[in-house]
Amino acid sequence: MSDIRGIRNNNPLNIIKGCNWKGERPIQNDKHFEEFESMQMGIRAGIKLIRNHITGFNGKRPPANTIKKLISVWAPATENNTAAYIRTVCQQTAIGRNDLLHANDRRSIIAIARAMAYVECGVWLEPELFESAYDLL
């Protein structure tokens, strides 16, 4: 079993509890973060949440449609080094901090999710996990 919480929970984007996600483990032992039955289902949930933030949950919230806005909502400065998080995701994806994101841009969304998982867990996960997770949407 991994010592890395996001890996152990199959939740490499460290989604906080709050929704009933497809693919959740029936028994949740982590009191703060979601736990998923497989890594693909945890990544799928993360990608879905990223896309929802980009669209502003279909207009219900202000869109977090840049890396700067997305990471500022995902990893607020009260809990994280948000500036370093933004910098790392931008460097790893070659997407500018204020470049407009599109929820249906598969390549960019996968790159962003993979870079965010790296920041959250400190390890690189195989690109194929993100490709297969995206296919589950």
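Which residues in α3 meet which residues in α4? I began my notebook with this, and I found that I67, K68, I71, S72 and W74 in α3 meet T82, Y85, I86, V89, C90 and T93 in α4, where contact means heavy atoms within 4.5 Å.

Before going further I noted that the model is predicted, that local features need pLDDT of at least 70 and side-chain atom pairs count only at pLDDT 80 or more, while totals for chains, interfaces and linings use all residues. I also noted that residues are numbered from 1 along each chain as its sequence is written, and that side-chain values use heavy atoms, with hydrogens and water left out.

**Entry on α3 and α4**

I sorted the residues of the contact of α3 with α4 by class and got seven nonpolar, three polar and one charged; here Ala, Val, Leu, Ile, Met, Phe, Trp, Tyr, Cys and Pro count as nonpolar, Asp, Glu, Lys and Arg as charged, and the others, Gly among them, as polar. The helices themselves are DSSP runs (H or I, at least four residues), numbered from the N terminus.

I then looked up the geometry, and helix α3 (residues 67-74) packs with α4 at an angle of about 135 degrees, with their axes 9 Å apart. The axes are lines fitted to C-alpha atoms, for helices over the stretch in contact, and the angles run from 0 to 180 degrees between N-to-C directions. I therefore wrote down α3 and α4 as oblique to each other, given that angles under 35 degrees count as roughly parallel, over 145 as roughly antiparallel, 65 to 115 as roughly perpendicular and the rest as oblique. Their crossing is right-handed, a term used if the near helix is turned clockwise from the far one by less than a right angle.

**Entry on α4 and α5**

I turned next to helix α4 (residues 82-93) and helix α5 (residues 106-121), whose axes come within 9 Å and cross at roughly 135 degrees. That makes α4 oblique to α5. The contact is made by Y85, T88, V89, Q92 and T93 of α4 and by A111, I112, A115, M116, Y118, V119 and E120 of α5, and I counted these residues as eight nonpolar, three polar and one charged. I recorded the crossing of α4 past α5 as right-handed.

**Entry on α3 and α5**

How far apart are the axes of α3 and α5, and at what angle do they pack? I read an angle of about 40 degrees and axes 13 Å apart, which makes α3 oblique to α5. The contact is made by I67, L70, I71 and W74 of α3 with I112, M116 and E120 of α5, and by class it has six nonpolar, no polar and one charged residues.

Leaving aside neighbours within four places in sequence, K69 is in contact with P63 and A64. The C-alpha atoms of K69 and N98, 29 residues apart along the chain, are separated by 8.1 Å.

**Entry on cysteines**

I searched the whole structure for disulfides (pairs of cysteine sulfur atoms within 2.5 Å) and found zero. For C90, the nearest cysteine sulfur, that of C121, is 19 Å away, and C90 is buried at 15% relative accessible area. For C121, the nearest cysteine sulfur is that of C19, 19 Å away, and C121 counts as buried at 11%.

**Entry on positive phi**

Most residues other than glycine have a negative phi. I therefore looked up exceptions, and I noted N10, with phi near 55 degrees, in the loop between α1 (5-8) and α2 (39-59). N10 is buried, with a relative accessible area of 14%. I also noted A94, with phi near 60 degrees, in the loop between α4 and α5; A94 is exposed, with a relative accessible area of 72%.

Key. Helices (H or I, at least four residues) and strands (E, at least two) are DSSP runs, numbered from the N terminus. Buried means under 20% relative accessible area, exposed over 50%, partly exposed in between (1.4 Å probe, protein chains only).
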